[in-house]
Amino acid sequence: MSGGERREGEAVTTILGIETSCDETSAAVLEGSRDDVTQKSLVILSQDVHRVFGGVVPEIASRAHLTSIVPVVDRALDEAGMQLGDLDAVAVTNAPGLVGALLVGMSYGKALAFSRDIPLIGIHHMEGHLFAAALEHRDAVPPFTALLVSGGHTLLLDVEAWGKYRLLGGTRDDAAGEAFDKVAKLLGLPYPGGRYVEQLAREGNPARFHFARPMVRRNAQARDDDYYAFSFSGLKTAVLNAVRASTSIDDDKSHIARGFQDSLIDTLVEKTRRAAEAFGRDRVVLGGGVACNRTLAAAMRAKLEPEGITVFTPTPRLATDNAAMIARAGIFRFEQGERSGLDLNAYASSTIPGLVAA
């Protein structure tokens with residue numbers, strides 16, 4: 001019997017997930033046990049107002065969650081054909097993220113769990129991203145190498161099993177998604193910038209602008225402290241210098257976008273290859289908003305699949321911040337017997353639970 005099959009008589013959990021870590025108000029209902037889980041509903045309400053400011057405004061985000069949380073949860077229950085009495089537990093993101101935004105979802109989740117006398121489970125947002133691909137790909141389960149890339153995080157992990165994670169490397173400055181947003185601003189593109197940079201890069205000539213691949217050296221050794229680490233601030237500065245030196249930015253910006261994206265993607269792919277090879281993993285899982293980048297996914301597959309490594313990526317709906325991944329992580333934590341008290345707090349930054357020594 002595979003890890004994803006349900007044993008006869010095994011208890012089935014129905015769980016509500018709530019996600020409000022940034023500027024998406026999301027709720028989802030999942031049902032199942034172990035790796036045999038069915039997504040019954042998923043509702044995501046995005047706050048487009050932040051585009052006006054070129055970035056997420058925390059106070060605006062928190063206030064928008066306040067007005068949206070009740071109808072979003074109600075819609076998720078309706079789409080699942082369920083009522084509050086059908087729930088076995090509530091899973092809610094409590095870290096990391098914007099504290100004000102997290103508090104909205106967490107407070108609602110606490111009240112809901114208390115009123116129904118059912119367990120509350122606090123979930124780490126980045127652990128949720130680890131589970132996202134498994135909702136669509138049955139084989140995206142441990143052991144695997146994970147690359148989590150978003151606006152706020154760039155993490156490379158070896159996932160030995162659910163709940164056992166080796167943090168191999170992270171960014172020392174800008175996250176990959178943050179770099180995309182900053183470069184988009186330099187090129188006069190809208191926020192959030194990832195998809196606009198990718199679209200523009202398709203028109204670019206890869207030979208026009210070549211930017212160094214940060215922390216990628218041919219003679220690098222696994223014992224080097226930067227072997228799995230990332231740094232994109234220097235790449236961002238190189239793009240800034242290219243923009244300033246351009247005599248016709250309208251003519252050059254597609255080529256600059258291409259050079260930037262090629263550098264960033266080549267770096268992500270090489271670091272991931274190193275990790276998969278070092279730990280003998282034949283599966284790689286991508287997660288986070290930057291996993292929506294089709295060029296990244298294609299480059300990862302082109303590099304790794306000839307080496308016998310399968311690459312799993314979630315669809316954009318599950319790559320972005322969403323409550324389905326929180327509910328999925330919640331089922332795992334629920335089955336482990338974990339419960340959170342009503343004193344559960346929100347944290348802007350937090351270590352992924354279950355880290356083991358690298």
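**A briefing on cores, sheet and pocket**

Leaving out residues up to four places away in sequence, Leu-296 touches Val-149, Ile-265, Leu-268, Val-269, Leu-286 and Val-290; contact here means heavy atoms within 4.5 Å. This is a predicted model, in which local features need pLDDT of at least 70 and side-chain atom pairs count only at pLDDT 80 or more, while totals for chains, interfaces and linings use all residues. Residues are numbered from 1 along each chain as its sequence is written, and side-chain values use heavy atoms, with hydrogens and water left out.

**Nonpolar cores**

- The largest nonpolar core has 45 residues, and those with the most contacts inside it are Phe-260, Leu-264 and Leu-296. Such a core is a set of buried Ala, Val, Leu, Ile, Met, Phe, Trp, Tyr and Cys residues joined through side-chain atoms within 4.5 Å; buried means under 20% relative accessible area, exposed over 50% and partly exposed in between, with a 1.4 Å probe and protein chains only.
- Elements that each supply at least two residues of this core include strand 6 (144-149), helix 4 (176-186), helix 7 (249-279) and helix 8 (294-304). Helices (H or I, at least four residues) and strands (E, at least two) are DSSP runs, numbered from the N terminus.
- Helix 7 gives the most to this core, with nine residues.
- Another core, of 39 residues, lies apart from that one, and Phe-144, Trp-162, Tyr-165 and Ile-352 are among its members.

- Five strands form an open sheet in the order 3-2-1-4-5, with mixed pairing; two strands pair if DSSP finds at least two bridges between them.
- Strand 3 and strand 5 (120-124) are the edge strands, each pairing on one side only.
- On average, neighbouring strands of this sheet are turned by 20° against each other, direction ignored. Axes are lines fitted to C-alpha atoms, for helices over the stretch in contact, and angles run from 0 to 180 degrees between N-to-C directions.
- Over four bridges, strand 1 (residues 13-19) and strand 4 (residues 89-95) pair in the parallel sense, and Gly-17 has Ala-91 as its bridge partner in strand 4.
- Helix 1 packs on the sheet, touching strand 1, strand 2 (24-33) and strand 3, and its direction makes about 30° with that of strand 2.

**A loop residue to look at**

- Gln-47 sits in the loop between strand 3 (36-46) and helix 1 (58-80), and is buried at a relative accessible area of 9%.
- Beyond its neighbours within four places in sequence, Gln-47 is in contact with Asp-23, Thr-25, Ile-60, Ala-61, Ala-64 and His-65.

**The largest pocket**

- The largest pocket holds about 1,500 Å³ of space. On a 1 Å grid over the protein atoms alone, a pocket is an open set of points where a 1.4 Å probe fits, with protein on both sides within 12 Å along at least five of seven lines, and lining residues have an atom within 4 Å of a point. Grid points are joined across faces, edges and corners, and the volume is the space filled by probe spheres set on the points.
- Its lining has 49 residues, of which Gly-151, Asp-181, Tyr-191, Pro-192 and Gly-289 lie nearest the centre.
- Helix 4 gives the most to this lining, with seven residues.

**Backbone details**

- Tyr-191 and Pro-192 are joined by a cis peptide bond, with omega about -10°, and Pro-192 lies in the loop between helix 4 and helix 5.
- The bond from Ala-95 to Pro-96 is cis, with omega near -20°.
- Asp-117 has a positive phi, near 55°, in a residue other than glycine; Asp-117 is exposed, at 71% relative accessible area.
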